[in-house]
Amino acid sequence: MKTIPYFPLFMCALLSFAACNDDDDNDNNLSTYDRDFLTSAAHANLAEIEAGKVASTRADDDAVQDYGEHMDSEHTTAWNDLKDLADDENHSLPDEPDDAHKQKLDYLRDLSGYSFDTAYINSQVKDHEMAIALFEDARDNADDEDVKDYATRYLPHLEDHLADAQAIKARIDVIMNPD
């Protein structure tokens, strides 16, 4: 009578199951909070990069154009560091802005002149205020030390971006409303 080698079949099935199971556990070293922060930071960085590119070509005001170029450069660096962190943690990041940011980008692409400059700078003030709150929360509450370090390292940059956007906004407001 022929015997079927069950043990080798069992081992192959077990190893296949374990390999599939490992793929599902890649993020287990990060808490849900940390994964959510990384994803939110990715969406924000990608949106800033895209908006900065739009501003560098569509802005009328030289300061707005320069600010856009600066946002593209700074947030590309932040994105690259975030990507490295996520890769080290086996966490996949989105490769494009979320839907809310895409809608803002589409809106900005349809504007020109003063309308573009004011809409872009106003959105930069709001977006950086929200990003600062996100990064402060991660600095204080993230579970992973590398995630906390990332938030802590980039928080001063975001605060500088906000201050720059507020200064440009104030100058544009005075130019357009000299009363």
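1. In soluble globular proteins, nonpolar side chains tend to be buried together.

2. A word on how to read the values: residues are numbered from 1 along each chain as its sequence is written, and side-chain values use heavy atoms, with hydrogens and water left out. In this predicted model, local features need pLDDT of at least 70 and side-chain atom pairs count only at pLDDT 80 or more, while totals for chains, interfaces and linings use all residues.

3. Buried residues make up 38% of the 179 residues. Among contacts (heavy atoms within 4.5 Å) between residues at least 6 apart in sequence, 77% join residues at least 24 apart.

4. The aromatic rings deserve attention, with a count of 6 aromatic pairs. Rings of Phe, Tyr and Trp (its six-membered ring) pair if their centres lie within 6.5 Å, and planes under 30 degrees apart count as stacked, over 60 as edge-to-face and the rest as tilted. The rings of Phe37 and Tyr150 have centres 6.5 Å apart and planes at 65°, so this pair is edge-to-face. The pair links distant parts of the chain, since Phe37 lies in helix 2 and Tyr150 in helix 6, 113 residues apart. Both Phe37 and Tyr150 are buried, and together with Phe135 and Tyr154 they form one aromatic cluster.

5. Phe116 and Tyr120 form a stacked pair, with 5.7 Å from centre to centre and 5° between the planes. Being 4 residues apart in helix 5, they are separated by about one helical turn. Phe116 is buried, with a relative accessible area of 0%, and Tyr120 is likewise buried at 0%. Leaving aside residues up to four places away in sequence, Phe116 touches Val54, Ala55, Arg58, Ala59, Val64, Leu108 and Leu111.

6. Where is the largest pocket lined by residues nearest its centre? Ser40, Ala44, Asp127, Ala131 and Leu134 lie nearest the centre, among 23 lining residues, and the space in the pocket is about 260 Å³. On a 1 Å grid over the protein atoms alone, a pocket is an open set of points with protein on both sides within 12 Å along at least five of seven lines, whereas a cavity is a set where a 1.4 Å probe fits but cannot get out; lining residues have an atom within 4 Å of a point. Grid points are joined across faces, edges and corners, and a volume is the space filled by probe spheres set on the points. Helix 2 gives the largest share of the pocket lining, 7 residues.

7. The search finds 1 cavity of 30 Å³ or more, and the largest cavity has a volume of about 70 Å³. Helix 4 gives the most to its lining, with 4 residues.

Technical notes
Helices (H or I, at least four residues) and strands (E, at least two) are DSSP runs, numbered from the N terminus. Buried means under 20% relative accessible area, exposed over 50%, partly exposed in between (1.4 Å probe, protein chains only).
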